[in-house]
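Please look over the protein shown below. The briefing that follows goes through parts of its fold, topic by topic.

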Amino acid sequence: MALMQSSGALFALGLFAALWLLAGLWAVGRGIAMQRRSAFVAGQAERLASLVEASPQLPVIVRADWRIEASERLGRWLGLERGPRNFDELRGIGSGLDADAHDALRQAILGAQRGAKPFVLSLKPEASRRTIIVHGAAAPQAVGGPGSVLLWLSDATEGQQALAHARQERDEAMAAFEALSGLIEAAPFPMWFRDTDLHLALVNGAYVRAVEAKGPAAVIDGGIELCETVAGVSAAEAAEAARAAGTAQVRTIPVTIEGERRIMRVVDVPLAPKGGRVIGIAGYAIDIQELETERGAHRRFVDTQRELLDRMSAAVVQFGPDQSLVFANQPFRRLFDLSPEDVSEARPFARLLDAWRERGRTPEVRNYPEWRQVHVDWFAQPGASEEDWLLRDGTHLHVVAQPTPDGGLLLIAEDRTEQVQLAGARDTLLRVRTATFDNLFEAIAVFAPDGRLHLWNQRFRRLWGIDEPTLAAHPRVDALMGGLADRLVKPNQISIVQEVIRAATLERQQRGGEIGFADGRYFDFASIPLPDGNALLIMLDITPSRKMEGALRERNEALEAADKVKTAFLSRMSYELRTPLTSIGGFGEMLQAGYAGKLGDQQRVYVDAIMDSVAVLSRQIDNVLDLAQGEAGTLAIERTPVDIRALLESALADAKPIATSEKVELVGNIAADLGRIEGDAPRLSRLVAGLLDNAVRFTAPSRKSGGRVLLHADGDARGVDIIVSDNGPGMPDAVVAVTRGTQAGTQSGGIGLALARQLVAAHGGTMEVVSEQGQGTLVRISLPRGA
């Protein structure tokens, strides 16, 4: 029994222990589960706290006793040193909310506590630049309890700034739009806008005036188009083409503007903001009538200019902004051997330089690529460049490169080969002139228009005894000559030299004079105006010629005295010979008349011979007397009407017997209408008779037969020409010289010709003698009709 009780107690004890063990295990399991749940809840709470902390909004709980539950961020947002714990701490000195904002928030919270009315406030803390938006409402019971208010604070600083910026941009855009609208309205050319249906939606005042409408509304309502249909394209179709292309479309068409036909450039522009859908078509029209007119005028000017350049001697070529050949005139094409392909293909400047080098039209240089690049850079030069090119064939070119405003280049090449050659010749001539000046016998000086000495030779320097430095200073003539007066016999004559130089430089008159030096030398001087405005002073030493002149003057005086004696002798002898000759002639005439009785045939022959000799001698005496009077200037001519034909026929008849006896053919060719002249008939008869007598006598001895003398005469209204010619041996030069007054007559032929010259001159005529040895002689006398 006791064993059974003991076993039951053990069983109960074991069961209790087992139950206790099971309870312990359940408690342990339950504790582990609760620990895990607590950790999960703590994690969730921590994640929620982190999420709230990371949220852009800050939750704040204001309890009924005005305590505040919030994170430390609230203090930073409000600019406080630490997070506030009650509502009054939201207001600080120089930080937190100001009094007005604090009171406004308090009243909003009171309203939410009493009436559960939500609110929104915008706060700006004093110590912070933030803008805080507060959304408030009654807090749920599970969050804050009765009377609590939940505030959600959000930092709207950036949003407010963006909003302010957006408002500012909106205001600026509106102002710009209004300014643009005003600009469009004030534009002097028509502008318009079409909507998506391509209907006119906006036009400016210029458009209204162009179509002569009452106002913009009338244009839009009536759909009045500025541009009419041209080439089958209407204004709406042109706008549709611009919309389809997505780019601006430009047309140049005639448009009627205020009743006047004008050429306009019309532009349709599709409007698509940032590449989006086209919202409309804007358009404008610019009047280019004047531009087209000016363009035509410019085109004509260019054509005229190029035509003018073709006629210039200088070679001109023009290159465009792309350095291609635009134009080359004919001289340039010839000078640089440009082919038509070079011009038509618009060869670049660099390639043309290469071609010119191959043809020898560029100078030879050591580094051609560098030279080529330098000349290609002419296009970028700010100013003109000038060079001298010496070509292989000896051609000298002066090249000027002028960049044009459009970025092109104008190249001018002038062939100065001839100028260079002339310059070399000029230098040579200058050296020759200097050498010639220094070796002339004359003293030479050249004075400039201002009176300064310009050039001189060494003889001038030695003549006046002036040192070279003084002359090299180019002194004025008054300063130079003022110090040379003591070199002259008469010092005051130096003023004459100055006056002569002044007359040549200022008055352009040539003057001269003569001065004597103190050493006994004499000089002729003259100042001659030169074409360049200078004056040339020449001084010639006439000391030997002056001495010779004195001797010649004395000899001339002696010769004049002898000539006067000769003339007086001839006159005296003529008168003295005439007296016995008159007696002889008178007695001969008496014998011929039979006063001494009848003469036999032989006696009559002798008397006729005596009378012929008397006549010849009488003529010779008259000739000598006339010659003497002519040389003395006392020959008197009696002028009466003279029948020239009768006078010549009488002279021809008188010369016939002599010609027949000398076996010379005497021929007369006398015009029938010679008429009359005013003259001295006896002297003219002796003149013609003497010429015929000389011609017959000079011709007869040279020819045994075939001698011929011709008397020819013709005339016109002004005068008469008388010609006596023969085929004799010709006259010696000394005799011919008598007709020119260069030699006195010393033989019978010379006396006759000298007298004939004086008689012809006394009648106002001219006399010409042409004689060749072995060919004959021709004497031409021209006598005027009147005195």
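The crossing of α20 and α21 is right-handed, a term used when the near helix is turned clockwise from the far one by less than a right angle, anticlockwise being left-handed. Helices (H or I, at least four residues) and strands (E, at least two) are DSSP runs, numbered from the N terminus. This is a predicted model, in which local features need pLDDT of at least 70 and side-chain atom pairs count only at pLDDT 80 or more, while totals for chains, interfaces and linings use all residues. Residues are numbered from 1 along each chain as its sequence is written, and side-chain values use heavy atoms, with hydrogens and water left out.

**The helix pair**

- Helix α20 covers residues 644-661 and helix α21 covers residues 681-699; their axes come within 9 Å and cross at roughly 35°. Axes are lines fitted to C-alpha atoms, for helices over the stretch in contact, and angles run from 0 to 180 degrees between N-to-C directions.
- On the α20 side the contact (heavy atoms within 4.5 Å) includes L647, L648 and A651, and on the α21 side it includes L684, V688 and R697.
- The residues of this contact divide into 13 nonpolar, 1 polar and 2 charged. Here Ala, Val, Leu, Ile, Met, Phe, Trp, Tyr, Cys and Pro count as nonpolar, Asp, Glu, Lys and Arg as charged, and the others, Gly among them, as polar.

- β22 pairs with β24 (residues 707-715) in the parallel sense over 7 bridges, and the bridge partner of G668 in β24 is L711.

**The antiparallel sheet and a hairpin**

- Another open sheet has 5 strands in the order β7-β6-β10-β9-β8, with antiparallel pairing.
- Its edges are β7 (200-203) and β8 (249-257); each has a single partner strand, so one side of each has no neighbour in the sheet.
- Neighbouring strands here are turned by 25° against each other on average, direction ignored.
- β6 (residues 191-194) and β10 (residues 280-287) pair in the antiparallel sense over 4 bridges, with M191 opposite Y284 in β10.
- Strands β11 (residues 315-319) and β12 (residues 325-328) are also antiparallel, over 3 bridges, and V317 has A328 in β12 as its bridge partner.
- This hairpin has 5 residues between the strands, where Q323 takes a positive phi near 65°.

- L536 lies in strand β20 (residues 535-541) and counts as buried because its relative accessibility is 16%. Buried means under 20% relative accessible area, exposed over 50%, and partly exposed in between (1.4 Å probe, protein chains only).
- The C-alpha atoms of L536 and I444 are separated by 7.1 Å, although the residues are 92 apart along the chain.
- The protein has 23 helices and 27 strands, and 35% of its 787 residues count as buried.

Technical notes: Two strands pair if DSSP finds at least two bridges between them.
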